[in-house]
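The following explanation is intended for a reader who meets this structure for the first time. Please keep the sequence and the model in view while reading.

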Amino acid sequence: MALETCFRAWALQAPQAAASGLGGGGRDRLLLGGGSGSNALPSRPRLSVASPSPVAPLRPASSRFACQCKNAIDEVVVADDKNWESMVLGSEAPVLVEFWAPWCGPCRMIAPVIDELAKEYVGKIKCCKVNTDDSPNIATTYGIRSIPTVLMFKNGEKKESVIGAVPKTTLSTIIDKYVGSS
């Protein structure tokens, strides 16, 4: 999804690139799907751009589109038995871990809250999710008996735990204790 968003943002700039001569002439075409070339994407609608006269050059890489593409990336990472050590225990940043299961109603209620926190605290903490059905060993190790349970880790140590679908302010308060402190 993030890659598709970036590609769409790039495609909006493609008319300027074609017209400015970056593609080998002022009448270049960009085909997205429906075309017969090897780069055609058959499931996408056809978009063609032809520009008879030069226009402004491309914006630099630091344009607003690069920023939007960065924000399209999901910040909540799935942790499991294979990557637990590196994702959570080995992390230099504090880590918020949600233990959940797909069949759990309260887990579905707290999921958007975790997503919001991941975006608000990007670069300050990591947010992970552990599916207790897929990784029961991790849940057993940390004594998870009820889901959703949210644990806060810092320097590989469990610092706090919260059980149940709690308000965002409760989790923000916990995060704020560990962000910026050593």
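The paragraphs below treat the sheet, the helices upon it and the cysteines in turn.

The model is a predicted one. Its sheet is open and consists of 5 strands, arranged in the order β1-β3-β2-β4-β5 with mixed pairing. The edges are formed by β1 (76-78) and β5 (157-163); each of these has a single partner strand, so one side of each remains without a neighbour in the sheet. On average, and with direction ignored, neighbouring strands of this sheet are turned by 25° against each other.

Attention may now turn to the helices. Helix α4 (residues 105-120) lies across β1, β2 (95-100), β3 and β4 (149-154), and runs at about 165° to β2. Helix α6 (residues 168-178) also packs on the sheet, where it touches β2, β4 and β5. The direction of helix α6 makes about 170° with that of β5.

The cysteines complete the picture. How many disulfides does a search of the whole structure find? The search finds 1. A disulfide is a covalent bond between the sulfur atoms of two cysteines. In this model the disulfide joins Cys-104 to Cys-107, with an S to S distance of 2.5 Å. The link of Cys-104 and Cys-107 is right-handed, with 80° about the S-S bond. Buried means a relative accessible area under 20%. Cys-104 has a relative accessible area of 4% and is therefore buried; Cys-107, at 2% relative accessibility, likewise counts as buried.

A disulfide requires the sulfur atoms to lie within 2.5 Å. Cys-127 is buried, because its relative accessibility is 1%, and Cys-128 is buried as well, with a relative accessible area of 0%.

Conventions
Residues are numbered from 1 along each chain as its sequence is written. This is a predicted model: local features need pLDDT of at least 70, side-chain atom pairs count only at pLDDT 80 or more; totals for chains, interfaces and linings use all residues. Side-chain values use heavy atoms; hydrogens and water are left out. Two strands pair if DSSP finds at least two bridges between them. Helices (H or I, at least four residues) and strands (E, at least two) are DSSP runs, numbered from the N terminus. Axes are lines fitted to C-alpha atoms, for helices over the stretch in contact, and angles run from 0 to 180 degrees between N-to-C directions. Contact means heavy atoms within 4.5 Å. Buried means under 20% relative accessible area, exposed over 50%, partly exposed in between (1.4 Å probe, protein chains only).
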